[in-house]
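Biologist: Please take a close look at the nonpolar core of this model and at the helix that matters to it. I would like one connected account.

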Amino acid sequence: LDDLDLEEIRNTISHINESGRGKKLSDDIPAFLSYHGLYQNGHISNAAVILFGKEPARFIPQCRVRFSVFGSGKTGASFTEDRLLEGNLFKNIEDIQDLFKNYIAFRSEFDKTRWQRADGFLYPMAALREGVLNALIHRDYSNVAGTTSVLVYPNKLEISNYGKLPIEIKLADLKRNHDSLPHNPDIAQMCFLKGYIEKIGRGTLKIIEACKNAGLKEPVWSAEASSIKLTFFSKVKPGPVGKEVAGGITEGVSKGVLANVEG
């Protein structure tokens, strides 16, 4: 129990009791964990470590999340930020949201029907949050080599997690109402009790709807050999003209004008 964040557990108990989403329980931490199947016969479950561990990566290294921001250009070969998050699930969610606020640049637009300027992030934060939650809650934690990553490119953002969709669900099903079949039921249940998810299979629809309302292209889910990737597309066009290119153009034009004047 000393390896768990007891304050986070107390906050969770308090939230559940106030929200009415689950059975009201006392602040007896072992009793609370036992009731939710996270503490059995004197042993802490893996799900409890992922949810509430102080340093969960000590015991389950695959719970780490990589957050990387790539520089400008079509390929974004250089890193602006490359960070490894090693907190528990709730701490990682908070850290990722803070990183989004720092690295998802604001855009400003003028509405054709209004004089006021509309400011917002390049991507709807609600959609990004839902995508991150899906990756952390439904990923396959059984493989030590499995990873979850959030990659921010100049013109797109990718959220990838190790694992596969349940055999009952196809990629096309993510664009319509579908059953909720969590790979990690204990983790999903705790996130539901804390109000992070609904557990009715609407998370992917909320992502699509948020992007549509923001005027963005519909996001794409793709399945690879051992992972699921969600890609968001911004309105920013790849490959902006860099300072070096702009400088070369200016110099060339200046020389050309000067030559003509002298002639």
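Modeller: Of the 61 residues in the largest nonpolar core, those touching the most other members are Phe 52, Leu 89, Phe 100, Leu 157, Ile 187, Met 190 and Phe 232. A nonpolar core here is a set of buried Ala, Val, Leu, Ile, Met, Phe, Trp, Tyr and Cys residues joined through side-chain atoms within 4.5 Å, where buried means under 20% relative accessible area, exposed over 50% and partly exposed in between, with a 1.4 Å probe and protein chains only. Helix H5 gives the most to this core, with 7 residues. The model is predicted: local features need pLDDT of at least 70, side-chain atom pairs count only at pLDDT 80 or more, and totals for chains, interfaces and linings use all residues. Residues are numbered from 1 along each chain as its sequence is written, and side-chain values use heavy atoms, leaving out hydrogens and water.

Helices (H or I, at least four residues) and strands (E, at least two) are DSSP runs, numbered from the N terminus. H5 covers residues 125-138 and H7 residues 203-213; their axes come within 8 Å and cross at roughly 155 degrees. Axes are lines fitted to C-alpha atoms, for helices over the stretch in contact, with angles from 0 to 180 degrees between N-to-C directions. H5 and H7 are therefore roughly antiparallel, the term for angles over 145 degrees. On the H5 side the contact (heavy atoms within 4.5 Å) is made by Ala 127, Glu 130, Gly 131 and Asn 134, and on the H7 side by Gly 203, Thr 204, Lys 206, Ile 207, Ala 210 and Cys 211. By class, these are 4 nonpolar, 4 polar and 2 charged residues; Ala, Val, Leu, Ile, Met, Phe, Trp, Tyr, Cys and Pro count as nonpolar, Asp, Glu, Lys and Arg as charged, and the others, Gly among them, as polar. Buried residues of H7 include Leu 205 and Ile 208, and the buried set packs against H5, strand S9 (220-223) and strand S10 (227-233).

H5 also meets helix H4 (residues 89-103), with axes that come within 11 Å and cross at roughly 150 degrees. In H4, Leu 89, Asn 92, Ile 93, Ile 96, Gln 97, Phe 100 and Lys 101 meet Met 125, Leu 128, Arg 129, Val 132, Leu 133 and Leu 136 of H5. This contact divides into 9 nonpolar, 2 polar and 2 charged residues. Not counting residues up to four places away in sequence, Leu 89 touches Ile 50, Leu 51, Leu 136, Tyr 141, Ile 187 and Cys 191.

Terms used
Angles under 35 degrees count as roughly parallel, over 145 as roughly antiparallel, 65 to 115 as roughly perpendicular and the rest as oblique.
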